[in-house]
Amino acid sequence: MKEDEYCELDFEENILQSPINRREFLKITAGGIFVLFTLGDTSVLAQQRRSSGRSGTPSDFNAYLRIGEDGRVTCFTGKIEMGQGIVTSLAQMLAEELDVSLETVDMVMGDTNLCPWDRGTFGSMTTRFFGPPLRAAGAEARGVLMELAAEYLEVPKDRLIAKNGVISDKSKPQNQVTYAQLAKGKKITRRLKKEAQLKKASEFTVIGKPVKRTDALEKVTGKAQYAGDVQLPGMLYACILRPPAHGATLKKVDTAPAQKINGVQVVQDGDLIAVLHKYPDVAERALAQIKADYDVPPAKVDDKTIFQHLLNTAPRGSTAAEGGSLKNGESQSSITVEETYLNSYVAHAPIEPHTAVAKIEGNKITIWASTQSPFGLQSAVTNTLGFSAENVHVLTPFVGGGFGGKNYNQQGVEAARLAKLTGKPVQVAWSRKEEFTYDPFRPAAIVKIKSGVTESGKLALWDYHVYFAGSRGAQQFYEIPHHLTAVHGSGWRSTPGTHPFRTGPWRAPANNTNTFARESHIDTMAEKAGIDPLEFRLKNLTDQKMVRVLKTAAKKFGWTPSKAPSGRGYGIACGIDSGTYVATMAEVEVNKKTGHVQVKRIICAQDMGLVINLEGARLQMEGCIIMGLGYALTEEIHFEGGKILDLNFDTYEITRFSWLPKIETVLIDDKNAPAQGGGEPAIVTMGGVIANAIYDAIGVRLLQLPMTPERIKEQMIKG
Amino acid sequence: MKEIIQFKLNKKPVKVTVDSDRMLLWVLRTDLGLTGAKYGCGEGYCGSCTVLIDKRAVRSCILPVKNVKGKEVTTIEGLAKNGVLHPLQKAFIAHDALQCGYCTPGMILRAYSFLQKTPKPTHSDIIKNLDGNLCRCGSHNRIVQAIQSAAKEMKGE
Ligand code: FES
Ligand code: FES
C-alpha cells in the first residue's frame, strides 16, 4: 500500500469535524446490543494516517452496528450505495462474523442523522478500510452474544455454538437461545478496542461466495428510490439560469417573460436566478423565456491547445520515487526512447444527473441528495446557509452512478438555497446539459517518459514526469535500477487559470492516465529490444504478484510470443490500483479505412486479496472494462475556453452494447491476504491494453486518449 | 393548451387534465406519481425514460402526452402481475444485470418490447436492439445474458 493512494483521495472539502456529538446517535436508537467502531481501528488505515500525518477520521467511532431486540442486525454507516455493491458485500461480512443469514442484515447508509460521520464513498476504500473494522465489530458483537448466552443457558462459553442467529449448547442442541431473546430489553454498548478474533478463511460460509445483489428486487420493479423520485407536498422543481460558459458574467437579465407563465415563481439572490414550478418541464420552458446577456471572456484555450497551456503553467514536480542515477541509467542503455502521452478531459456522465430535494421546517433542513459524500453536503449547507450542523439532515437514497463525480454537492447547496428563498420544498435535478457543464471532469494530462533498455533487454532507465493527472499509479513497479518519477500538479487542486473549468477525481483517478502512458511505453521498449511484450514484462519484473496475474491472464488468453506488430491485434497491459493487481489482454480489429476499432475479446486477471463477493467483484471488473472502453476509444470533452461543446450523449459517446467484446474475468482469490479495492482497478489498464493491441494490429502507435478513428487515421498517414 | 387526456396506465384507466404538449415522462412522474421511468438525457439519447405504449417501447421524454390518448401505457411498476415478477425482471436479478439500477427500468421495458417481435433472439439481435439504451455502470454483458435467459423462459409468450 503506497501512501499516495490515500493522500490522493483526501478531499479537503470532505474533511469536517463531526458537528454532532456522536453519542447522541445512541440516544435516539432503540434498545439492543451496540458495537461502535471507527475506520482507524484497523492497522492498515492507522498506519497510513500516522505515516501521512493526516487525520480526518474521528477517533471515538464513525460507524456502528446493532443487534436489535428483534434479532435483526443493522449496520449504520455514512457510506453510500451507487452501484458498486457494498450494500451487499458489507452485509455479507456482518452475516459471516455474526453467524446470521444475509437476509437478517439491514444496511442503513448515508443518513447523517442515523449514521456517524464518514468522509465519503470513493477510492475503492470501503472494503479495504471499512471492511476490517466492520468484521471485527461483528466478531465483537458475537462475543457479547456468546457471553449473554452462557449466562442465559448456564453453559460455559466454550460449549456454545452460534448458527443462523441461534446459540446452542453443542452437547444439548435443544438448549438454545436466539439473538433476539438475548437482545431483548438490553442496552449494551461496546466500543471496539482491539481487533476481535475474526473468522479464518477456512471457516467462511458467506464471505467469498457469489451473492446476488440485495437491492436488485427494488431496482427491477421501479421501487428503488433515487433523489429525483422524492416528491413532497407543495414541492417545486427549480431550473437555474446558467451562463453560456464558465467564467461568463451576467450583464443584463429580464425575467418578466418567465414570470408571465402561470404558476411560475422566479427568484433571484445574488448570482442565483431560478425559475420554479410544480412541474419540472414547465419550469424548464419558463427558463427558456428569460433573456440574459453575458460577458463571455475570450477563449484562451481549447481541447487542442490545452496541452501546451498545461505544460506552460505546470509547477515543478515533486518526486514520488527515485533510485540510482539517471545518468548511469542512460549510459547503461543501448536504446533510449522518449515519448509524450496525452489524455483529454472526460466526464463522469452517470445516467442519473446530480439531483437533490431540500425541505425546511423551522430551523431544520432535510436534504435528499445523489451524493458520494452526504456529510460533505451537510457541512456545505452548514457553512453557506447558516444552519447549525445538527439541524442539517442529509439522506442518501440510491445513487444512480457516481464514479467520483458526486463528491462536490453543488446541486444540494442549490436546492437548500432555493428552499430557503421560496419557503417551499424544492427539487433541483440537473439537466444533462448542466451535468456535462458542472461535472468536475477528469483532468487533461500529459506524461513524458524517457527510458532506456540494455543490450540484454533489461530496463535500465526510467525518467517519468506526469503533469496534472495526479500521483496515483505514477510509480512504476518494474525492476529498473535508475529511475525517477515526478508528479507535476495534482489532479484537482490546481491554481486558478490551470483548467478552464472544474476538474476532479474520476474512477481510479490519475491511474488511467499513468497506466496508459507506462504500459504503452513498455510495449515500445519491448519492440525496440526485439522481445515479445509479455516476455519483456516478465523479464523486468520481480514483483511476484504481478508476475502471477500476468501469467494467469496469458494462460486464459492463449498468448503466444511474437514481436509487435504481429497483425493479430493482441495487446497487454498491467497495473496496480487500490492495492489490487490487474493484468489485461485484448484482441482488437482495426478497420484501416475508417479507423474504427472493434475490441473482440478482453481477458482480465485480478488479484484483490480476499474476495468478499465473488459475483460482485466480477461485476465490478466487467463494469470497469466496459466503462474503460469509452475513455480509451471515444470519450473526450470538446471546449472553447469555458464553453463546453459536448452537452449530451449524441456527441459525447459512452460505451454501447455494440462495442461489447467477449469478456472473461479471472480472480486470484487469495483468501489469506487482506481484501483490496475492487471498484476501480480493472479500469486502469484499458487505455494501455487497447493502444498496444492497436499497435499490434496495424503498427500504429497512438499517443493520445481517446483513440478515435480520426486520430488513428491521422497516425496511419504519419506512419 | 389544457386538455383532458384518457388512457390506460398499468391496466387501469386514468384521466389527466394537462397541457397536452407536455412530455409523457413528466406527466407520469409528477401528475401521476410513477417514478420508475427515469430522466437521463431528455433528448432521446439514453433510453432510461422508456415505457411501453401498446406494448412497444418508446422514449417518454420526447413523447407528448397527447400521443397516448386512448392507448395502453405500461411502466416498470406495471410489469409484475399480481406480485409475480415478469421473467425479464427475474432474469435481471438472477444475472446481476444491474449495478446502480438507474438504467434498469428502461432496459427491461426495451427488452420486453423487442422480445414481442423477436421471441428467439440471437446474441447479435439483442445487441442491435438495445444499442440505443445506455448504461454507464457497464452492466451490458449481464443484461444480454438476462435477456437471453428470459427469452427462453418466456417461450415466445
Ligand atoms: S431521458 Fe429519454 S432518452 Fe434519455
Ligand atoms: S446499472 Fe447504472 S447505468 Fe446501468
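Of the 157 residues of chain B, 60% count as buried in this predicted model. The C-alpha atoms of chain B fill a box of roughly 45 × 30 × 25 Å along the principal axes. A compact globule of 157 residues would have a radius of gyration near 15 Å, and chain B agrees with this at 15 Å. Contacts in chain B were also sorted by separation in sequence. Among those between residues at least 6 apart, 57% join residues at least 24 apart.

Five helices and five strands make up the secondary structure of chain B. Read from the N terminus, the order of elements is β-β-α-β-β-β-α-α-α-α.

One helix pair of chain B was examined. It consists of α2(B), residues 87-94, and α3(B), residues 104-117. Their axes come within 10 Å and cross at roughly 130°. The two helices are therefore oblique to each other. The crossing of α2(B) past α3(B) is right-handed. On the α2(B) side, the contact is made by L88(B), Q89(B) and F92(B). On the α3(B) side, T104(B), M107(B), I108(B), A111(B), Y112(B) and L115(B) take part. Seven of the contact residues are nonpolar, two are polar and none is charged.

The loop between α2 and α3 of chain B holds D96(B). Phi of D96(B) is positive, at about 50°, although D96(B) is not a glycine. Most residues other than glycine have a negative phi. D96(B) has 1% relative accessibility and so counts as buried.

Chain A has 719 residues, of which 66% count as buried. Its secondary structure includes 20 helices and 29 strands. The radius of gyration of chain A is 27 Å, close to the 27 Å that the globule rule gives for 719 residues, so chain A is as compact as a globular protein of that length. Along the principal axes, the C-alpha atoms of chain A fill a box of roughly 80 × 75 × 45 Å. For contacts in chain A with a separation of 6 or more, 77% are between residues 24 or more positions apart.

Two helix pairs of chain A were examined. In one of them, α4(A) (residues 86-98) packs against α5(A) (residues 126-153) at an angle of about 30°. The axes of α4(A) and α5(A) are 8 Å apart. Their crossing is right-handed. Helix α4(A) contributes I86(A), L90(A), M93(A), L94(A), E97(A) and L98(A) to the contact. Helix α5(A) contributes T126(A), T127(A), F130(A), G131(A), L134(A), R135(A), G138(A), A139(A), A141(A), R142(A) and L145(A). By class, 10 of these residues are nonpolar, four are polar and three are charged. An α-helix has 3.6 residues a turn, so residues three or four places apart point the same way.

The other pair is formed by α15(A), residues 511-529, and α19(A), residues 686-698. Their axes come within 7 Å and cross at roughly 30°. Helix α15(A) is therefore roughly parallel to α19(A). Here too the handedness was assigned, and α15(A) passes α19(A) in a right-handed crossing. The contact uses F516(A), E519(A), S520(A), D523(A) and E527(A) of α15(A).

Helix α9(A) spans residues 280-289. Its buried residues are P280(A), D281(A), V282(A), A283(A), A286(A) and L287(A). Within chain A, they pack against β9 (236-240), α8 (256-259) and β12 (272-277). They also pack against α1 (24-31) of chain B.

Some backbone features of chain A remain. Most peptide bonds are trans. The bond between A564(A) and P565(A) is cis, with omega at about -5°. P565(A) lies in the loop between α17 (544-557) and β23 (570-577). The peptide bond from L705(A) to P706(A) is cis, with omega near -5°. P706(A) is placed in the loop between β29 (704-705) and α20 (709-718).

A508(A) has a positive phi near 60° and is not a glycine. A508(A) sits in the loop between β22 (482-488) and α15 of chain A. With 0% relative accessibility, A508(A) counts as buried.

Methods. Residues numbered from 1 in each chain as written. Chains lettered and ligands numbered in written order. Predicted model: local features only at pLDDT ≥ 70, side-chain atom pairs only at ≥ 80, totals over all residues. Heavy atoms only, no water. Axes fitted to C-alpha atoms, helices over the stretch in contact; angles between N-to-C directions. Helix = DSSP H or I, 4+ residues; strand = E, 2+ residues; numbered from the N terminus. Parallel < 35°, antiparallel > 145°, perpendicular 65-115°, else oblique. Left-handed = near helix turned anticlockwise from the far one by under 90°. Contact = heavy atoms within 4.5 Å. Nonpolar A, V, L, I, M, F, W, Y, C, P; charged D, E, K, R; others polar. Rg over C-alpha atoms; globule rule 2.2 N^0.38 Å. Buried < 20%, exposed > 50% of the residue type's maximum accessible area, 1.4 Å probe, protein only.
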